[in-house]
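Hi everyone, thanks for making time for this.

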Amino acid sequence: MPHPTSRLILLLCLPALVSLIGFGTNLLPLILIIDGICLAILLVDALAARRAIVAIELHLRCPRTWSLNRGDPVTAEVIPNRAAGRMLRLALDLPPELVPRQAEARLDPLPPHRVDVEWQITPRQRGSHQIPGIHLALRSRAGFWLLHRQVPAPVTLQVYPNLRQLAEYELLARTNRLNLIGIRRTPRLGGENEFDSLRDYRVGDSLKVIDWKATARRHALTSRDFTISQAQNLMIMIDAGRMMGAQLGDELHGTLLDGAINSALMLAHVARRQGDLVGIIVYDRAVIRFLPPASNPRQINRIVHALHDVHVAPWESRHDLAFLHLSRHCHKRSLLIQLTHVLDQVNTDALVHQLSLLAHRHLPLAVLFRDPDCHQPLAAPPATTDDFYRAAAAAAILNGRNQAIDRLRTAGVLTLDCHPRDLTSGLISRYLHIKAQNML
């Protein structure tokens, strides 16, 4: 339906002005003629604009695979079809999980030939999302009407966890600069006999590890890195219950579950690079994803597809069912990495009990998130009574959490207590330390 513009209101003021000027005179025929002319102009302009907006063709183009929190373009191909000379505004019909950099695009005037209009879209949630189409707002040629039309052009996007971090890791690993992203490598115990990678010579390296051919090619001393081939099992257990719905913090986007999935993918990539067999278990009140440990080169792709549409559940997690599923399907001794977030005493006791039972059969590593909201009240002395009570509540929660960590360590469970922003680097450093010390 056409909507009037301010120019239309000005046009309608013309017969009103004539009526005021000719008040008391016999100008009624002239006023009626002017009214008829104005109505005819408005009607012709509205019909022409309606035909023009219906004639416009649109096609949407965008990548099918997206990475979480990484912007990519969505392009609309606009074919005017005799609608040139008018101002056209375009806005994508986006779900709330897809955030555009600009709300709308404007073509003023609309060119007579086909043109591409681009938006930068950032996905804020993993999973499958659909763009139903695009909204058009066309101003008529005379400018009296503004017509709206929704053009259906459905496009489905598959938003995956951040995969570009894997390529960044490979680049830094090849140049021996993993310390730039906080990953520390621990020297291995015992001998090393399998070639791993080349790196720059360091003071103290033995002459036996210098690669003279690579040195000649690079015109710089180059050493070989060696590793021990140990194909071991790694099971990554991800809690998707309601406690993982807490936000990562102001400097990060997403929930704790998003951070856990990103770190799990990076860890799986590093473990496959080390020659280990990697599997995953994702659970809330039941096991919702399970991949047994495998050394297949496609295992990382399977893990990515299994995790890309996992979201936080609105109920408590059943740790006991997840560990029961693990005991039934994973009999070989494995490194178990449990990514979870617990605050209340009931869930903490359940987690401590289950991990303690597995400590004699597997090597469990409990990765616990630090809640920024709990640490914030303790960052400065309380200034008001409300601040005092808030700090006391936070201290009680953190005290119970520290006691749970001590109980886990006493039972032989490894622990990693870290801030969400340091999870990936801390987790991979700990994994490499466990491998280097032959703890499994």
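Two strands count as paired here if DSSP finds at least two bridges between them. Within this pairing, E77 has D116 in β8 as its bridge partner. As a reminder, strands of a sheet pair through backbone hydrogen bonds, either parallel or antiparallel.

Before going on, a word on where this comes from. This is a predicted model, in which local features need pLDDT of at least 70 and side-chain atom pairs count only at pLDDT 80 or more, while totals for chains, interfaces and linings use all residues. Residues are numbered from 1 along each chain as its sequence is written, and side-chain values use heavy atoms, with hydrogens and water left out.

Back to our pair. Which sheet do they belong to? An open, antiparallel sheet of four strands, in the order β2-β4-β8-β6. Its edge strands are β2 (57-61) and β6 (98-100), each pairing on one side only. From one strand to the next, the twist averages 35°; angles like this run from 0 to 180 degrees between N-to-C directions, with axes as lines fitted to C-alpha atoms, for helices over the stretch in contact.

Now the overall picture. The protein chain has 11 helices and 18 strands; these are DSSP runs numbered from the N terminus, with helices being H or I of at least four residues and strands being E of at least two. Of its 440 residues, 46% are buried, where buried means under 20% relative accessible area, exposed over 50%, and partly exposed in between, using a 1.4 Å probe and protein chains only.

Next, please look at the other sheet I picked. This open sheet has six strands, ordered β15-β14-β13-β16-β17-β18, with mixed pairing. At the edges stand β15 (287-294) and β18 (414-418), each with a single partner strand, so one side of each has no neighbour in the sheet. Here the twist averages 15° from one strand to the next. Inside this sheet, β13 (residues 233-239) and β16 (residues 334-340) run parallel and are joined by six bridges. L234 stands opposite L335 in β16.

What lies across β17 and β18? That is helix α10, residues 385-410, running at about 155° to β18.

Helix α7, residues 319-329, is worth a look too: H319, A322, F323 and L326 are buried there. Seen down the axis of α7, the buried residues fall within an arc of 90°, so they line one face of the helix; the arc is that of the directions from the helix axis to the C-beta atoms. Their cover includes β13, β14 (277-283), β15, β16 and α8 (345-358), with contact meaning heavy atoms within 4.5 Å.

Let me finish with a few single residues. A46 is found in helix α2, residues 28-55, and is buried, with a relative accessible area of 13%. Which residues does A46 touch, not counting those up to four places away in sequence? W145 and L147. The C-alpha atoms of A46 and A142 are separated by 9.2 Å, though these residues are 96 apart along the chain.

And the cysteines? C330 counts as buried at 3% relative accessibility, and C418 is buried at 7%. The count of disulfides, meaning pairs of cysteine sulfur atoms within 2.5 Å, comes to zero.
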